[in-house]
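Thanks for asking me to look at this one with you. Here are my notes as numbered points, to read beside the structure.

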Amino acid sequence: MARNKKKQNFIIIGSLAVVIAAGIGIGAYYGRTSDSIQGAAGLNNLKDANYNAADSGKKVITLKTDTKLNCSSTPWVIAEKKGFFAAEGLEIKYTGELKTEQKLPAILNGTNDIGATLPNTLATYVAGGAKVKAVTLGEVDPPDSVDPKFRHMRYVTSEKFAGKTLKEYVESKKGGKITVSGTAPNCSTFIFNSVFRNAGLDPSQIQYVAFESDTAAIQAVQQGSLDVAGIHPPFYKLANDSKLTVLADSHDTGLGAASGASVYYFTDKFIQENPEAVQRFVNAIKKAQDWVNHNTDESIKLTAEYIGQPVNATHYYFTDKGLPTELFQPWIDDLVQSGTIKKDQVKTDDIVTTQFSS
């Protein structure tokens with residue numbers, strides 16, 4: 001396949017300055033706030049007076065992160081409301097909402113300590129020269145035994161489509177481009193590329209189009225200006241109520257848990273100088289994620305209260321022991337296949353450390 005066909009409008013990252021200036025999309029809940037309330041309203045109802053880090057008996061450590069007034073906030077909300085941060089002696093300082101292009105610089109300049117993103121975005125950061133590493137996983141795609149409503153993404157099209165399968169939909173386009181919501185590199189592009197490859201289809205037929213929110217993409221499909229919308233769990237019900245047809249979901253990548261992976265990361269310098277703080281954070285966030293997976297109804301309620309809007313579902317989160325670094329490789333491979341980075345430019349060990357896994 002010719003290189004120009006493989007790029008799919010992806011940006012080739014050559015330096016850290018390009019990474020920062022480009023404002024790379026990081027998915028509906030990592031890079032945008034249009035589906036959430038803007039500002040700092042949620043700061044007032046995240047902290048819980050019943051829990052105090054000083055009561056842990058440990059030296060209190062303060063860690064800074066952005067406010068996350070969107071559906072990625074769930075583990076943070078639960079870690080606060082159920083005392084998991086406090087039990088580790090952690091005081092989390094929420095510094096307010098940030099635009100996508102502000103998030104990496106805020107980590108690099110020390111405004112924030114903890115970042116959250118996707119493996120492919122982290123790989124582009126590292127390719128551009130950023131000294132950052134993932135320390136644990138956030139979301140993952142759930143196993144087959146878990147309700148499909150918790151899968152990381154779905155891809156929906158107009159109810160006017162008479163077929164039932166993705167292959168039938170692609171064939172109906174007769175070789176023409178298929179417009180899909182997404183901005184590379186993020187989860188929507190990685191997952192749909194992987195779904196195409198797993199089905200024996202050619203991802204070069206996909207034309208990604210940037211949208212500010214999943215709801216905007218759904219509306220565009222209804223209006224006929226977009227072929228396929230990539231959406232996340234909080235918006236599955238909206239798509240269903242809008243009578244849209246589901247063509248595929250993240251399970252159809254054939255990649256298992258990897259298709260829904262997200263990560264928490266720190267700078268290499270912070271990790272080296274503050275290993276105890278990082279370890280305590282990993283301990284607390286994994287306990288919170290386990291709680292979310294087993295208490296979805298209350299997690300939905302508390303998340304909705306925090307962000308100030310209805311939430312229909314949570315994501316599914318990593319809770320296992322260890323850190324399966326093999327889940328990162330498909331995200332790197334997709335960047336290579338799409339022409340975003342060169343082969344072996346970034347390796348798994350460059351973007352993740354297992355120092356804090358147990």
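1. A word on burial before anything else: a residue is called buried under 20% relative accessible area, exposed over 50%, and partly exposed in between, using a 1.4 Å probe and protein chains only. Helices (H or I, at least four residues) and strands (E, at least two) are DSSP runs, numbered from the N terminus. With that in hand, look at strand E5: Arg154 and Val156 on one side, and Tyr155 and Thr157 on the other, are all buried, and both faces of E5 are covered.

2. Please keep in mind that this is a predicted model, where local features need pLDDT of at least 70, side-chain atom pairs count only at pLDDT 80 or more, and totals for chains, interfaces and linings use all residues. Residues are numbered from 1 along each chain as its sequence is written, and side-chain values use heavy atoms, with hydrogens and water left out.

3. How confident is the predictor? On pLDDT, its confidence in each residue from 0 to 100, the chain averages 87, and 87% of the residues score at least 70. Over residues 1-29 the pLDDT is below 50, and this stretch has 82 contacts in the model beyond near neighbours in sequence (contact means heavy atoms within 4.5 Å). Residues 31-42 also have a pLDDT below 50, with 33 contacts beyond near neighbours in sequence.

4. Back to E5 and its sheet. Three strands form an open sheet in the order E8-E5-E9, with antiparallel pairing; two strands pair if DSSP finds at least two bridges between them. Strand E8 (229-231) and strand E9 (245-249) are the edges, each pairing on one side only. From one strand to the next, the twist averages 30 degrees.

5. Which residues stand opposite each other? Strand E5 (residues 154-157) is joined to E8 by three bridges, and Arg154 has Ile231 in E8 as its bridge partner. On the E9 side, E5 pairs over four bridges in the antiparallel sense, and Thr157 stands opposite Thr245.

6. Two helices pack on this sheet. For the angles, axes are lines fitted to C-alpha atoms, for helices over the stretch in contact, and angles run from 0 to 180 degrees between N-to-C directions. Helix H8 (residues 187-198) touches E5 and E9, and its direction makes about 80 degrees with that of E5. Helix H9 (residues 214-223) touches E5 and E8, at about 150 degrees to the direction of E8.

7. How many salt bridges are there? The count comes to 13, taking a salt bridge as a side-chain nitrogen of Lys or Arg within 4 Å of a carboxyl oxygen of Asp or Glu. One of them joins the side chains of Asp66 and Lys103, at 3.8 Å from N to O. This pair links distant parts of the chain, 37 residues apart: Asp66 is in the loop between strand E1 (61-65) and helix H3 (74-81), and Lys103 is in helix H5 (residues 100-108). Asp66 is buried at 7% relative accessible area, and Lys103 is buried at 12%.

8. Another salt bridge pairs Lys287 with Glu88, whose closest N and O atoms are 3.7 Å apart. Lys287 lies in helix H12 (residues 275-294) and Glu88 in the loop between helix H4 (84-87) and strand E2 (90-94), so the pair ties together parts 199 residues apart in sequence. Lys287 is partly exposed at 45%, whereas Glu88 is buried at 6%. Lys58, Glu88 and Lys287 are linked in a network of salt bridges.

9. Being four residues apart in H12, Glu276 and Arg280 are separated by about one helical turn. Is each end buried or partly exposed? Glu276 is partly exposed at 49%, while Arg280 is buried at 5%.

10. Finally, how do H12 and helix H13 (residues 296-307) meet? Their axes come within 5 Å and cross at roughly 110 degrees. H12 and H13 are therefore roughly perpendicular to each other, a term that covers 65 to 115 degrees; under 35 counts as roughly parallel, over 145 as roughly antiparallel and the rest as oblique. The contact is made by Trp291, Val292, Asn293 and His294 of H12 and Thr296, Glu298 and Ser299 of H13.

Conventions. pLDDT is the predictor's confidence in each residue, from 0 to 100.
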